[in-house]
Structures are given as C-alpha cells and as structure tokens.
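Trainee: I would like to learn how to read a few features of a model. Please take them one at a time.

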Amino acid sequence: MINDKPNSQGNDKEKSKLPKFNMYWAYGLIAIALLLVSRMDFGQGPHNISYSAFKKEILQSGDIDKIVVIRNEGVAEITIVEAKLDEYKDLFNENLTNSAPPTAGPHFTFNIPSIDMFEEARMKAEENLGMSIPVEYESRTDFFGEFFTMMWPLLLLVAIWIFIFRRMGSQGGGGGAGNIFNVGKSRAKMFDKEADINVNFKDVAGLVEAKTELEEIVEFLKRPEKYTELGGKIPKGALLVGPPGTGKTLLAKAVAGEANVPFFSMSGSDFVEMFVGVGASRVRDLFKKAKEKSPCIVFIDEIDAIGRARGKSPNMGSNDERENTLNQLLTEMDGFGTNSGVIILAATNRADILDRALMRAGRFDRQIHVELPDLKERKAIFEVHLRPLRLSEDVESKFLAKQTPGFSGADIANVCNEAALIAARNDKKIVEKEDFLSAVDRIVGGLEKKNKIISKDERTAVAYHEAGHATISWLLEYAHPLVKVTIVPRGKALGAAWYLPEERQLTTTEQILDEMCSALGGRAAEEVMFGKISTGALNDLEKVTKQAYAIVSYYGMSEKVGHKSYFDSSGQSEYSFGKPYSEKTSELIDEEVDRIIAEQYARAKQILVDNHEKHSKLAEILLDREVIFSEDLEKLFGKRKIAAHVIEEDDDEVVVEEQAEVVSDTDTTDSTENDSLESSEPEVKDEK
C-alpha cells in the first residue's frame, strides 16, 4: 500500500510558505481595477483608423455627419450619417462583420498630423463635393487620468512608509499584525501546555542547588495550597546569576517544560527601541498579558540590557529610554497595583551593574547563583553530551572531567562536538580518548599552525622559555602541576604549557608566590641561557603583575600595607572619582609590588641556575619532540614534591590521597593556563 501522507505534508508546507492575505492588497487591486476600467472601451467606443483611410474613404464620400477635433490630444472623432453606416462595415472591428455597426457616434477616430493639414484637406473636399462638412473644435480634460497621474507619487510614498513601519513593528515576531500600531506591544513568546518543549530538570546535569530552588517555584504553581495553608506566599521573582555558559537559560527552559502554566520568554533587548516610550509600553503590555494568563511565569533573559543602575548614563539629565523602561519594570514587579500570580525569572552574568531597586526583596526575592561546575558536575555534564557519540571503550567521563577544570557546560558541549569533528576529519569510525584531548587543546590554545615559518633561533628561544616554565613548576611544591608543554604554534602563541590546577576555594600566600615564580620562569630562562630577554613573556608578565597587585591591594597579604582591601565587590561604587587611598599609600603599594615581583624573578633564576643541566636537557628534548609530558619531567627531575590533601570521591567517602594538583583561587586564576610567546618576538641568538 502506498502512503500518500508525506506528499500531503509536503503540500501543506508549500501552502504554509505562501504569503498571508492582507487588506493592503485589496486596496491596491481596487486601484488597479479602476485605472484599467477607465482605459477600457469594451468594444463600444469609436474605431481607430489611419489618417490616409480617413481622407480616401470617408472625407471624399461626404457621408460625414460631424467631425469633432480635440485640440489638446491631436485627435479627431467622426460621426457618420446613420443611413450610410452599412457602407463602412469594413472599417469597423471584425466582430461587427455579421452585425450592424452602432448607430450612436462617434464612429471613428484618427490622429491629426496637424490642424493646418486637416483644414487644407477638409476645404479641398468641400470644393469637390460642393457641400459643407461640419467641424467642431474643443479641448477635453481626463479627470480620472490626471487624478492618478497626480496621486501615484503620493501612493508610492505611502506604500514605502507602510512597508518601513511594518518591518519595524514586526521585528522580533511579537508585534501582533506587525504594523506601526503594534510597535508598543510586547514581543514575548508564550509557551503553554500544548507547546513542544522537551527540556526538563532531568536534562540539566549538575546545578543541584539551583534546580532545588526552581523546583520549589514549580511545585508552588502546581500545588499552591501546600504553602498557602501555612501562610506562605509565592516568591515574586528569582534572578539567575552566573558566568556565561553555565546553564541559566537551560534552567529556564527546564522550568518551562516542567511547569503546567503559561510561560512568557523574551530578551531584555526586546524592550529597547529607538522610539521614546516604546520600552515602557512593552513592559505594560507584557504584564497585562501575564495577568490575564496568571498564574504564569515571565522569563527575561539578559536583563542587564534594561536593568543597568540608574544615574550612570553618559547623557546625564536627558530623557534616557532605558531608565524609563526600568522604572516601568520596577512599578509592574512591585508597585501600587497588585501583581499576584505572576512570577518573574531573569538571567544575567553581570549582576554587579544591576540597579539596587531591581535587586531588592519583593521584586527578586531569590538570587540563584549558577556557578561553574565542579568535578562531579562536569562528570554528569559529560555523560549527557557523550550519549549521542559513538565512543571508544577507553573514553571515561571521570577522566575528561579531571582534564577540564573551570570549563562551563557550554565549553563541555563544545569539547564533545570538537572531538567528534576531529575523529571524523581523521576518518575514524568511533571517537577516541586522544580526540577529546586534542579538542581540549584546540579550544584552550587554538588551532595548530605547523606550517608557520619560525627561525631556528626563535624556535630555540621558545623551547628554553617553555622548558623554564616546566622546570620551575615541577620543582615548586605549590605551583600548578604540568600536563603538557609544546613548541608547536597555536593561535597567536609560538609555544604553550598546560597546567591542571586543583579545584579549591582558598589560596595561601605561598601558593600565589609559587605560581608567580613559575610564570616568571620563561623570562628567567631566556636571561640565564642567552643573556637577553624577548617580548615572549608578555602574557606571563601581565598575569604576574595582576597577581602582585591582588596580593597587596585586594587580599591584604603585605605586611607594609597591612590587612586592607581596596576591592569593590558590589560594583555599585557611585561617585568614585579617584582611588580609595592616598598618594603615599599608592607609592607603598607600587613598592611592594616591585619587591614581590623582583624576589620571585630572582628565585626563578636561582632555581634554573641550580638545575642548569636538567633544564638544558629538557629544552633539547622539547626541540627534538616538540611536545613533552609530565612523565618526561619525572624521568629528569624525579617525583614531584607533593602534599596530602583530603578529597571527596564519587562514592561520598572521604579519603586522603597524594595530589599533584595544587590550590587555585577561582577568583584570580583561569581554569587552564596558557603561557604564550608573541609571534612578534625578535630574533634571539645563542652566545656561542
């Protein structure tokens, strides 16, 4: 049996692609029809003949009842004597050959070459016939044609005006009919029970605390009596705060999939418009629709587009459209009017710039922090994204989670996708472990550029630079453990070193100083080996300088400056026109930073001098292989000095294990560090 259903679906799709009917089409068709009607004669008007036919067959016969000459058109109309009409059947249209021509005139029309020629021919005919031929001269006005001639430019301008404002009104898809009258309407997309949303909380790996709070809101909407019986009230709003890619929008989709109530979704930028008052109007329309559908949830993604703190606009004193929109949003969320049954969800990664009035309880009662996933959460996220892939047996989510500290959920999804692409590029049937490692390197360091032209001296300088990083990081107890070092160019870097920091929340002074010493190892290696330095340490120096200033002015780890912190974590430091300390303190901070960096640089040089032979041998191995791993350093320097740390395993048992990873402050260090040499590095020669 042949199934015609696919064909019918295809026909339905083709029909759905056809443009929808619009009343403006009807207006245009009516105007065109009137114009055509005014120009059509329907076979009842005079028949057009040539001037020569007029002179030979009509003018010389004398059967003319009347001639009307229209001066402004250069046309003459002829009316034949009624008794003589049958003699001129041949000059009429072919459809009149079998019927009588019309009796009412005019019967014929022709174009006059000139009035003088016409008068000369008429006078000559009158002499030959001995009779007078009646002629009338007149001027006519085509009011309908002139009206359209005058109105076409105006109609064209009106059509362009309607087209432009229809486009402006239809942007975003939420403007109703999409014309100028709907420019102030909300553009929120509504999802209800019938909406096809296949995301729920089971599809969100990790984020246990955030899911718990959102599940409570969904539960309140499903069973409000459970909470109202005890006198509780539903939270009016929840703000999802966290770095990009951590799953804030995914959580909102899960709420939409779990809740059996209408769900309105829109972006903060949808409120912003070039017209004054449009943003506030859209806010009013959004809450009006939400109250009609209550209980419901309204989700505003990237709310910082309209929620920026007021009073910080560069156009101070002017009518700021964003501030007007924010004021209306504040009023609708918790103003004089009631707003029961409407829960506001919002997401942002810039909570520090939001207005304080927006953040207060009563508007956003809860701030749900969606942080970067830890080891267990990364393992769960990997398991979600590894499902659709054809994997080798050696691929383990636990191993991949350990190799990607600091990666967000979006980064992990990108790693899995890149690994599949790399495997396909190499014509593999399954995705192997090395494909995932290559994907991590590709995302962190960039694409390999093996064909990049590098001189021998530059390549040697890069090798000793990266070997210096590797040597010092291996010999220092608290420096980040090395994973891999390469001198193959990636992205803008001529060389790179990958480290695997331990995931901890606190960092001591000794740990930061060891990290600084390791970062300065590349510059120190250049000076020790070649007696010269290059621009290749730019990334290292930038990182070390920031760490040194953080030690002194943020963390209060300097004895001279004392236990003081000049860090503003709120981001709401209004009217801060200068530094929060004196010039004397500023000089003291600079002195302490110089001292700390100088001490760590001298320390790095001394370590390299004490291990000169091993450092040189490591650089030679790197020049030969282009890539070295932690196993190569262990063969040269022996086992790394490590400390015992308490870690928590997956089976919730607390054990003590020797760890090579060291403490990493999540506020000041990146997840995977990339020490790079600039491609603009000048040529470095050996002192032989």
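Trainee: Against which elements do the buried residues of α9 pack?

Mentor: First, the basis. This is a predicted model, in which local features need pLDDT of at least 70 and side-chain atom pairs count only at pLDDT 80 or more, while totals for chains, interfaces and linings use all residues. Residues are numbered from 1 along each chain as its sequence is written, and side-chain values use heavy atoms, with hydrogens and water left out. Helices (H or I, at least four residues) and strands (E, at least two) are DSSP runs, numbered from the N terminus. Buried means under 20% relative accessible area, exposed over 50%, partly exposed in between (1.4 Å probe, protein chains only). Contact means heavy atoms within 4.5 Å. Here the buried residues of α9 pack against β8 (263-267), β9 (296-301), α10 (321-333) and β10 (342-348).

Trainee: Which residues of α9 are buried?

Mentor: An α-helix has 3.6 residues a turn, so residues three or four places apart point the same way. In α9 the buried residues include Val-278, Arg-282, Asp-285, Leu-286 and Phe-287.

Trainee: What span should helix α9 have?

Mentor: The expected span is 1.5 Å times one less than the number of residues. Helix α9 (residues 278-292) has 15 residues and should therefore span 21 Å; its end C-alpha atoms are 21 Å apart, which agrees.

Trainee: How many aromatic pairs does a search of the whole structure find?

Mentor: A pair of aromatic rings is described by the distance of the centres and the angle of the planes. Rings of Phe, Tyr and Trp (its six-membered ring) pair if their centres lie within 6.5 Å; planes under 30 degrees apart count as stacked, over 60 as edge-to-face and the rest as tilted. The search finds 9 aromatic pairs. One of them, Phe-54 with Phe-110, is stacked, at 4.2 Å centre to centre and 20° between the planes. Phe-54 is in helix α3 (residues 51-59) and Phe-110 in strand β4 (residues 108-111), 56 residues apart. Both Phe-54 and Phe-110 are buried.

Trainee: Why is the pair of Phe-54 and Phe-118 stacked?

Mentor: The ring centres of Phe-54 and Phe-118 are 6.2 Å apart and their planes are at 25°, so the pair counts as stacked. Phe-118 lies in helix α4 (residues 115-129), so this pair ties α3 to a part 64 residues apart in sequence. Phe-118 is buried, with a relative accessible area of 1%. Tyr-51, Phe-54, Phe-110 and Phe-118 form one aromatic cluster.
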